[in-house]
Amino acid sequence: MIGDFVWEDLDDDGIQEAGEPGIPGVAVDLLNGIGDVIASTVTDANGNYGFEITDPGSYSVAFDTPDGFDIGLEFAGTDEAIDSNLLPVGFTPFFDVTVADMLSSDGNLTIDAAFVFVELPEIPETGADADRLALLAGGLLVLGIGLLLGSRRRRSE
Ligand SMILES: [Ca+2]
Ligand SMILES: [Ca+2]
């Protein structure tokens, strides 16, 4: 088994600490050594996920960034049990799962992902901005007609 935790890094230090909550419902993919998705899951109510590995080999885990979040700091500190393995590209570096890992009762449960809450994207207000856009569109239209007329005139000469 590999896993296990996707959490909201409240202080953005890349370290799991008391009071920092797990994020439920995050889509997680298991990738094989050549980057193909071979299993998918979502984090549970506590932000935990797990994949049962049946073949030794090289793997990576990809995490979908939840709405309103950015990927947190990776590989902070020295304790891999409480750091984030998620690179800014959205997946972890490849890691090896050995037969010994597969046989151990708790497996490798240090493959974690930190996310930092930013803000939900703001919906632009209609009004002033919309008027400006209309003006811009009108301007482009006039320019287009001008170019069209210009090219026609040249052709008829
Ligand atoms: Ca933290
Ligand atoms: Ca970790």
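User: Before we start, what makes two strands count as a pair here?
Analyst: Two strands pair if DSSP finds at least two bridges between them. Strands are themselves DSSP runs (E, at least two residues), numbered from the N terminus. This is a predicted model, where local features need pLDDT of at least 70, side-chain atom pairs count only at pLDDT 80 or more, and totals for chains, interfaces and linings use all residues. Residues are numbered from 1 along each chain as its sequence is written, while chains are lettered from A and ligands numbered from 1 in the order in which they are written.

User: What makes β2 and β3 a pair?
Analyst: Five bridges join them, and the two strands run antiparallel. The cut-off is at least two bridges, so they pair. One of the bridges puts Ala27 with Val42 in β3. The two strands form a hairpin with five residues between them, and Gly35 in the turn has a positive phi of about 85 degrees.

User: Why is Val37 called exposed?
Analyst: Count the other C-beta atoms within 10 Å of its own: Val37 has 10. A residue is exposed with 12 or fewer, buried with 20 or more, and partly exposed in between, with C-beta atoms placed from the backbone. Val37 therefore falls in the exposed class. Val37 sits in strand β3 (residues 37–42), and the count of buried residues among the six residues of β3 is zero.

User: How do you know what Val37 touches?
Analyst: Contact means C-beta atoms, placed from the backbone, within 7 Å. Not counting residues up to four places away in sequence, Val37 touches Asp29 and Leu31.

User: What makes a set of residues the largest nonpolar core, and which have the most contacts inside it?
Analyst: A nonpolar core is a set of buried Ala, Val, Leu, Ile, Met, Phe, Trp, Tyr and Cys residues joined through C-beta atoms within 7 Å. The largest one has 18 residues, with Val6, Phe63 and Ala113 having the most contacts inside it. β1 (6–8), β2 (27–31), β4 (57–63) and β7 (113–117) each supply at least two of its residues. Ala113, leaving aside neighbours within four places in sequence, contacts Val6, Phe63, Ser84, Asn85 and Leu86.

User: Which strands does β7 pair with, and in which sense?
Analyst: β1 and β7 pair in the parallel sense over three bridges, with Trp7 bridged to Ala114. Strand β5 (residues 69–71) and β7 pair in the antiparallel sense, also over three bridges, and Ile71 stands opposite Phe115.

How values were computed: Helix = DSSP H or I, 4+ residues; strand = E, 2+ residues; numbered from the N terminus. Contact = placed C-beta atoms within 7 Å.
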